[in-house]
Amino acid sequence: GFVIAGELNNDLIVRYAGQFWLEFPELLNKISELRLKFQTMRLFVEPKSTGKSIVQTLKKQGLNAIELDPATESKITRVNAVSPIIEAKRVILLPDTWNDLLIDECASFPLGSHDDMLDCLCYAITKLLIRKRTLSYGAT
């Protein structure tokens, strides 16, 4: 699953969402294509399946690929955690052909056949809107 999003005025602006089932070389090509099209700055990758290899390969290419921390909560818990932000209409989808696919996937969760884009959306909301900032001070 892919979600390309940014934060603006404390809202999540989703520029693109999609899902693809590709072999490693084709997946790298798709990531490169989307990165160039949307001029993405950071690529967050879930460390499952080919995720670790994707991060290693993208870093070797000089890209800002960041491995997400492995989820410790269930997907249902993660969706419930971001639901108030979605319900508050702080997630804005730029109009495009993929909108209905993302909305249908979200609406059918957890009984739908796919939840890849929803999972990415949860990560985007968490990373861009629910920023956990910790300050670290040295001992005195």
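W98 sits buried in this predicted model, with a relative accessible area of 4% (buried means under 20%, exposed over 50% and partly exposed in between, using a 1.4 Å probe and protein chains only). Local features here need pLDDT of at least 70 and side-chain atom pairs count only at pLDDT 80 or more, while totals for chains, interfaces and linings use all residues. Numbering runs from 1 along each chain as its sequence is written, and side-chain values use heavy atoms, leaving out hydrogens and water.

Rings of Phe, Tyr and Trp (its six-membered ring) pair if their centres lie within 6.5 Å; planes under 30 degrees apart are stacked, over 60 edge-to-face and the rest tilted. Y16 is buried too, at 14% relative accessible area. Because Y16 belongs to strand β2 (residues 11-18) and W98 to the loop between β5 (91-93) and α4, the pair ties together parts 82 residues apart in sequence. The structure holds three aromatic pairs, and ring pairs join Y16, F38 and W98 into a cluster.

Turning to the helices, α4 (residues 99-108) packs against α5 (residues 116-128) at about 90°, the axes being 8 Å apart. That angle makes α4 roughly perpendicular to α5 (65 to 115 degrees; under 35 is roughly parallel, over 145 roughly antiparallel, the rest oblique). On the α4 side the contact (heavy atoms within 4.5 Å) involves L101, L102, E105 and C106, and on the α5 side D116, M117, L118 and L121. Sorted by type, these contact residues come out as six nonpolar, no polar and two charged.

Technical notes: Axes are lines fitted to C-alpha atoms, for helices over the stretch in contact, and angles run from 0 to 180 degrees between N-to-C directions. Helices (H or I, at least four residues) and strands (E, at least two) are DSSP runs, numbered from the N terminus. Ala, Val, Leu, Ile, Met, Phe, Trp, Tyr, Cys and Pro count as nonpolar, Asp, Glu, Lys and Arg as charged, and the others, Gly among them, as polar.
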